[in-house]
Amino acid sequence: MKICCIGAGYVGGPTMAVIALKCPSIEVVVVDVSAKRITAWNSDQLPIYEPGLYDIIKQCRGRNLLFSTDMEKHISESDIIFISVNTPTKTSGLGAGKAADLTYWESAARTIADASKSDKIVVEKSTVPVRTAESLKRILTHNSKGINHEILSNPEFLAEGQAIQDLLKPDRVLIGGFETPQGRKAVQVLRDVYAHWVPEDRIIIANLWSAELSKLVANAFLAQRISSVNAISALCEATGADVSQVAYAVGKDSRIGPMFLNASIGFGGSSFKKDILNLVYICECNGLAEVADYWKLVVKINDYQKNRFVERVISSMFNTVAGKRIAVLGFACKKDTGDTRETPAIDVCKGLLEEKATLSIYDPQVTKEQIQHDLAMNNSDLNHSNYLQLTNPATIKQVGKASNAYEAAKGAHAVCILTEWDEFRKLDYQKIYESMQKPAFFFDGRNVVDPHKLRAIGFVVYSIGKPL
Ligand code: NAD
Ligand code: UGA
């Protein structure tokens, strides 16, 4: 059997690496339009940082795992084709700011239609709007060469920074197919691939529309938990309650559970916002205005939380940060990844830059070029927040990249933790305090430090959702 995956990104690369690892008898090829990405996958400097990934790549690359730009050849030779291309939010036209942009998706589908010379199973791995398989079927049959393309939905649930663990031990694998004899046969073929390492009871079979919709709903539920706890963090600050204690007590209820209740400066990452907005758009298109409004609020609270943090920094520092140096620890959207897509750090940094602060940023995995690129980008979304505006190119000059946390903090008026990297838990905060301007302010946007210990050193500390 041969598998081809179109799209060598955060999903395509790791998922195919794990299939190749667990199924040595299957030849797995990952193809991409980007020659640069493919070259990186074939080098020692992989295009993405993901713990444990490099070891698997080293084991399988050249054996039964290949990275190539020759899409036509590998598509035509494969039995199963995964589509794992990006499906971002549309930035213009109908549904701009909410609907999924399916340009890359359609282009991949057309490539399959053109390159196929025999029957194939085509698997939707990207996150797509419910009923996308309908359009996919039409595109695949457009040149009606008499080839049968059986479509499956097999959404991916991995989280960045823990992708390999998630892929090796998934909570579940979801496979949706058409409820026809050929559909059921195709489901069985894909189920057999996963059965190499995933226990039978973790492989869920559903109808195609349920599988497509479940992915959007899973992300909406996860993000909703974060917005819920973040909304409560504001109330904690107003009342003297501690959000960590509240989340712990609430999460102990087995019906609620402890995960995804960490208050933060807001969720980031490539998917939560885009998938919720997509869900909102689908609801609106189906005339479900109230349902759309309900989910919109999850994104609204997320923007509120980022603004609230910026406002807290400014108000604490005597209502001005102009000309003040602020050390930003962490820029990635979460720990253990270099991914900055939709990272809340962008909005927080832009908010501080608008107020004329000077930023010294340190992140263990994000490059200076990436930070400058992100801060120079326009916010092409429907945000109504005060701070989410275009950052003037001149203000980018106010941004520096430090090579470690101590360098970032040296001479600073304040430190802001924006990503929960483990190394920030172990820093010598006494040393940092001594190197800073006084009063030394500390804003912990991820609740990684013990505010009592920092106060004992002399810092003025603000932690999300904790008593001041
Ligand atoms: P990505 O941007 O990292 O990778 C997508 C790749 O597809 C890029 O390398 C791009 O060059 C390539 N591509 C685009 N159009 C192409 C075409 N026509 N032919 C060949 N290659 C093409 O995206 P990602 O983060 O891997 O996400 C892919 C999909 O998976 C999205 O729908 C996303 O929502 C979903 N998803 C992502 C994650 C995650 O953690 N990143 C998790 C689950 C699901
Ligand atoms: C998320 C989901 O967890 C995956 O299941 C899904 O496959 C993926 O989106 C996707 O579809 O792309 P990811 O965005 O990679 O994964 O990472 P998460 O761990 O979910 O974190 C997302 C954001 O929420 C991060 O900014 C993180 O810091 C934040 N977060 C997470 C919190 O603020 N509090 C929490 O308790 C948990």
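1. Which helix gives the largest share of the shell around ligand 2? Helix H9 (residues 208–239) does, with four residues. Helices here are DSSP runs of H or I with at least four residues, strands are runs of E with at least two, and both are numbered from the N terminus.

2. A word on the basis. This is a predicted model, in which local features need pLDDT of at least 70, side-chain atom pairs count only at pLDDT 80 or more, and totals for chains, interfaces and linings use all residues. Residues are numbered from 1 along each chain as its sequence is written, chains are lettered from A and ligands numbered from 1 in the order in which they are written, and side-chain values use heavy atoms, with hydrogens and water left out.

3. Ligand 2 is surrounded by 20 residues. A residue counts if one of its heavy atoms lies within 4 Å of the ligand. Leu158, Ser264, Ser271, Cys333 and Arg446 are the closest. The shell divides into 10 nonpolar, five polar and five charged residues. In this scheme Ala, Val, Leu, Ile, Met, Phe, Trp, Tyr, Cys and Pro are nonpolar, Asp, Glu, Lys and Arg are charged, and the others, Gly among them, are polar.

4. Now the polar contacts of ligand 2 (pairs of N or O atoms within 3.5 Å). A polar backbone atom of leucine 158 is 2.6 Å from an oxygen atom of the ligand. A side-chain N or O atom of arginine 446 is also 2.6 Å from an oxygen atom of ligand 2. The backbone of asparagine 262 places a polar atom 2.9 Å from a ligand nitrogen. On its own, ligand 2 has 690 Å² of accessible area, and the protein covers 90% of it. Areas come from the Shrake-Rupley method with a 1.4 Å probe.

5. Ligand 1 has 28 residues around it. The closest are Val11, Asp32, Thr87, Glu160 and Lys274. By class, this shell holds 10 nonpolar, 11 polar and seven charged residues. H5 gives the most, with three residues.

6. Which residues make polar contacts with oxygen atoms of ligand 1? Lysine 274 has a side-chain N or O atom 2.7 Å from one oxygen atom. Arginine 341 has a polar side-chain atom 3.0 Å from an oxygen atom. Ligand 1 alone exposes 830 Å², of which the protein buries 92%.

7. H5 (residues 103–115) also packs against helix H6 (residues 132–140). Their axes, lines fitted to C-alpha atoms over the stretch in contact, come within 9 Å and cross at roughly 40°. Trp105, Glu106, Ala109, Arg110, Ile112 and Ala113 of H5 meet Thr132, Leu136, Ile139 and Leu140 of H6. Contact means heavy atoms within 4.5 Å. These residues divide into seven nonpolar, one polar and two charged.

8. Two backbone points deserve a look. Most residues other than glycine have a negative phi, and most peptide bonds are trans. Phenylalanine 260 has a positive phi of about 60°. Phenylalanine 260 lies in the loop between helix H10 (243–251) and helix H11 (272–285). Lysine 438 and proline 439 are joined by a cis peptide bond, with omega about -5°. Proline 439 sits in the loop between helix H17 (429–435) and strand E13 (441–444).

Definitions and conventions
Axes fitted to C-alpha atoms, helices over the stretch in contact; angles between N-to-C directions. Polar contact = N/O pair within 3.5 Å; in protein donor to acceptor, adjacent residues only side chain to side chain.
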